[in-house]
Amino acid sequence: MHRILLLALIFIQGCAVNANIDRELKDMILSEMVFVEGGRFEMGASCAVERKCVHPKHSVTVDDFYIGKYEVTQAVFESVLGPSNSYFQGANYPVNNLSWQQAKYFISELNLKTGLKFRLPTEAEWEYAARGGSRSQHYLFSGSNNIDDVGWFSENANNRAHEVGLKQANELGLYDMTGNVGEMTEDAYDAEYYLYGPEINPVNALDSEHYLAYKSVRGGSFAYDAQESENFRRDSASQSAVMPDIGLRLVLSK
């Protein structure tokens, strides 16, 4: 059923197909997109004092969407924009050492090459998928209560990124949602957003050209400890900041 939905999505989004579409790239990326059935979940955590803002815990509903099984690799990135400036190099390593602005440019160029409309996940979509969506087993990390099963973090990563997909997947078949590289989201970072954001498909998509505009980053990274890597954790980075432990994952609306 999900394959049928994906084929329908390809047809609808690709109705403006032209001779410049890179069908091999398009088909390869689509083959690694995972369907996430929408639903309602408890976002954040109930904790009064936190160094990284995650409260208040609140109910959120997201629609169906597709999300990449893996973090965007350097092979995919470089097929669109040429050589990356990744600090940790390797075709099957997540692209890293790029800014939010550069990630958005990559996606815009990818969309031109594929005729589709890829984007970054919203914070809500990211957390829902990390928690396992409608198949959630309510793990602390994405796919396990033992972070070593599912993520490269400060105690096992040797302070470096690793190839994607080497750890255990979560309930939806998604890899590296915990650890490896942090993952950019569409949202501007606002520590108070959970207090006033909408309950349905929230996204704090604040556009700004100012270099101090901060964006939300999810999933911890190889440099984070376990207490900073739970599914509900939030972090931020300037939209122009370039860091070796930040990458991205693609999303398609259904």
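**Pockets, cavities and helices of a predicted model**

Seventeen residues, written here as 17, line the largest pocket, and those lying nearest its centre are Phe41, Glu42, Arg131, Ser136 and His138. The structure is a predicted model, and this pocket has a volume of about 280 Å³. Strand 2, residues 39-43, gives the most to the lining of the largest pocket, with four residues. By class, that lining has six nonpolar, seven polar and four charged residues.

The second largest pocket holds about 210 Å³ of space. Its lining is made up of 15 residues, of which Met28, Glu32, Tyr70, Thr73 and Val76 are the closest to its centre. Helix 2 and helix 3 each supply at least two residues of the lining of the second largest pocket. In this lining, nine residues are nonpolar, three are polar and three are charged.

Of its 254 residues, 54% count as buried. Among contacts in the protein with a separation of 6 or more, 73% are accounted for by residues 24 or more positions apart.

Helix 4 may be followed next. This helix covers residues 100-114, and its 15 residues should span 21 Å at 1.5 Å a residue; the end C-alpha atoms are 21 Å apart, which agrees with that expectation. Which residues of helix 4 are buried? They are Trp100, Ala103, Phe106, Ile107, Leu110, Asn111 and Thr114. Seen down the axis of helix 4, these buried residues fall within an arc of 140 degrees, and they therefore line one face of the helix. What covers them includes helix 2 (23-31), helix 3 (74-81), strand 5 (182-188) and strand 6. After helix 4 comes glycine 115, whose phi is positive, near 75 degrees.

Helix 5 is mostly covered, with eight of its eight residues buried. These residues are Glu123, Ala124, Glu125, Trp126, Glu127, Tyr128, Ala129 and Ala130. Just after helix 5, glycine 132 takes a positive phi of about 100 degrees. The loop between helix 5 and helix 6 (147-150) contains arginine 135. Is arginine 135 buried or partly exposed? Its relative accessibility is 47%, so arginine 135 counts as partly exposed. The C-alpha atom of arginine 135 is separated by 9.5 Å from that of valine 36, although the two residues are 99 residues apart along the chain.

The structure holds two cavities of 30 Å³ or more. About 70 Å³ of space lies in the largest cavity, which is lined by Met43, His58, Glu123, Ala124, Asp187, Tyr193, Tyr194, Gly197, Pro198 and Pro202. Helix 5 (123-130) and helix 7 (193-196) each supply at least two residues of this lining. Glu123 and Ala124 are among the buried residues of helix 5, and both also line the largest cavity. The lining residues of the largest cavity divide into six nonpolar, two polar and two charged.

The second largest cavity has a volume of about 40 Å³. Its lining consists of Leu98, Ser99, Trp100, Met184, Lys215, Val217, Ala237, Ser238, Ala241 and Ile246. Strand 6 (214-218) and strand 7 (235-238) each supply at least two residues of the lining of the second largest cavity. By class, the lining of the second largest cavity has seven nonpolar residues, two polar and one charged.

The last stop is aspartate 245, placed in the loop between strand 7 and strand 8 (246-247). Aspartate 245 has a relative accessible area of 13%, and for that reason it is buried. Not counting residues up to four places away in sequence, aspartate 245 touches Val181, Gly182, Ser221, Phe222, Ala223 and Tyr224.

Methods. Residues are numbered from 1 along each chain as its sequence is written. This is a predicted model: local features need pLDDT of at least 70, side-chain atom pairs count only at pLDDT 80 or more; totals for chains, interfaces and linings use all residues. Side-chain values use heavy atoms; hydrogens and water are left out. On a 1 Å grid over the protein atoms alone, a cavity is a set of points where a 1.4 Å probe fits but cannot get out, and a pocket is an open set with protein on both sides within 12 Å along at least five of seven lines; lining residues have an atom within 4 Å of a point. Grid points are joined across faces, edges and corners, and a volume is the space filled by probe spheres set on the points. Ala, Val, Leu, Ile, Met, Phe, Trp, Tyr, Cys and Pro count as nonpolar, Asp, Glu, Lys and Arg as charged, and the others, Gly among them, as polar. The expected span of a helix is 1.5 Å times one less than its number of residues. Buried means under 20% relative accessible area, exposed over 50%, partly exposed in between (1.4 Å probe, protein chains only). The arc is that of the directions from the helix axis to the C-beta atoms. Contact means heavy atoms within 4.5 Å.
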